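This report examines selected features of a predicted model. The sequence and structure are shown first, and the description follows.

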Amino acid sequence: MSNKPKHLIVKDHSVSGEEFQLLHNKELDMLETYPHPEGEKLSDYYKSEDYISHTDTKRNLLEYVYHTVREISLKRKLKLINSFSSETKNLLDIGCGTGDFLQTALKANWNIIGIEPNEKARQIANSKTSNSVFEIEYLSKLQAQSFDVITLWHVLEHLPNLEMHTALFKHLLKPNGTLVIAVPNFKSYDAKYYKNYWAAYDAPRHLWHFSKTSISELFKKKNLKLVSVLPMKFDAYYVSLLSEKYKSGFMNPIKAFWIGFRSNQRAKRSKEYSSHIYVLRNDNT
């Protein structure tokens, strides 16, 4: 048993119904899911038709909202990566799901490679990207310093070995290349409001739960400098909608919208949004 202080006990609402502890790593100001499933056991927790990033279906309100917001977000993500000065425009998207961001970047003349461990999602992504998406083992075949931009959209929290993966990002980025990471923020108002029902904890698929401090400190060790933090305002509404379902048994869209709105309003002062995009620059020293 870890000696880290316990922060919360949360339930896996999606697959197993099991309970997990969230332990506070004081040094990094980060929460860690305990116990920490590994290997094939971890992959079992993704075996659900309701795992939304692995499907393009619109069967219910939650999926409709997710895909509607995704269309808006894709344009903003493209605008963000286009803002980074780059002649070659080589993009690696890790955990690309069904490939919509890669497809958007491809249409904007980016040279793309995607990594997606889920076979079903990878097949969908490849149908959109001329077979530019590969299994996770393909990362070891990529050349050092070959990417201008590496993106992880709500993926870092899923990766079992943070030390290994942060070193890999550093290895694959060009000098002065850019790493873009989007993750939930456990210090947001909606996280504090919903507590153990907060959907963005999503244990045990989310193994880590980050703050601004933890992202900055994790990547500082690899000479990846945090240059900006951007809000993901839509996440407060989507996460609140799912949190209401976990808390009360139904989505309660009016209540969820109100909590999402309050979270964004409070974040104007606290700068603690439901999710953040972190832009990190590869320090060439």
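In which strand does Glu 32 lie?

Glu 32 belongs to strand 3, which covers residues 30-34. Its relative accessibility is 14%; because buried residues are those under 20%, Glu 32 counts as buried.

A polar contact of 2.9 Å joins the side chain of Glu 32 to the side chain of Asn 25. Apart from residues up to four places away in sequence, Glu 32 touches Lys 4, Gln 21, Leu 22, Leu 23, Asn 25, Leu 207, Trp 208 and His 209.

## Nonpolar cores

The largest nonpolar core comprises 33 residues. Those with the most contacts inside this core are Leu 92, Ile 150, Leu 152, Leu 156, Leu 179, Phe 210 and Phe 219. At least two core residues come from each of strand 4 (90-94), strand 5 (111-115), strand 7 (147-153), helix 5 (162-172), strand 8 (173-184), helix 7 (212-220) and strand 11 (275-282). A second, separate core has 22 residues, including Leu 74, Leu 80, Ala 108 and Ala 125.

With neighbours within four places in sequence set aside, Leu 156 is in contact with Leu 162, Phe 169, Ile 181, Val 183, Trp 208, Phe 210, Ile 215 and Phe 219.

## A nonpolar surface patch

On the surface, Phe 257, Trp 258 and Phe 261 form a nonpolar patch. Together these residues have about 320 Å² of accessible area.

Trp 258 is found in helix 9, residues 253-270.

How values were computed
Residues numbered from 1 in each chain as written. Predicted model: local features only at pLDDT ≥ 70, side-chain atom pairs only at ≥ 80, totals over all residues. Heavy atoms only, no water. Patch = residues over 30% accessible without salt bridge, like charges linked within 9 Å, V, L, I, M, F, W, Y side chains within 5 Å. Areas by Shrake-Rupley, 256 points an atom, 1.4 Å probe, with all protein chains shown as cover. Salt bridge = Lys/Arg side-chain N within 4 Å of Asp/Glu carboxyl O. Helix = DSSP H or I, 4+ residues; strand = E, 2+ residues; numbered from the N terminus. Buried < 20%, exposed > 50% of the residue type's maximum accessible area, 1.4 Å probe, protein only. Polar contact = N/O pair within 3.5 Å; in protein donor to acceptor, adjacent residues only side chain to side chain. Contact = heavy atoms within 4.5 Å. Core = buried A, V, L, I, M, F, W, Y, C linked by side-chain atoms within 4.5 Å.
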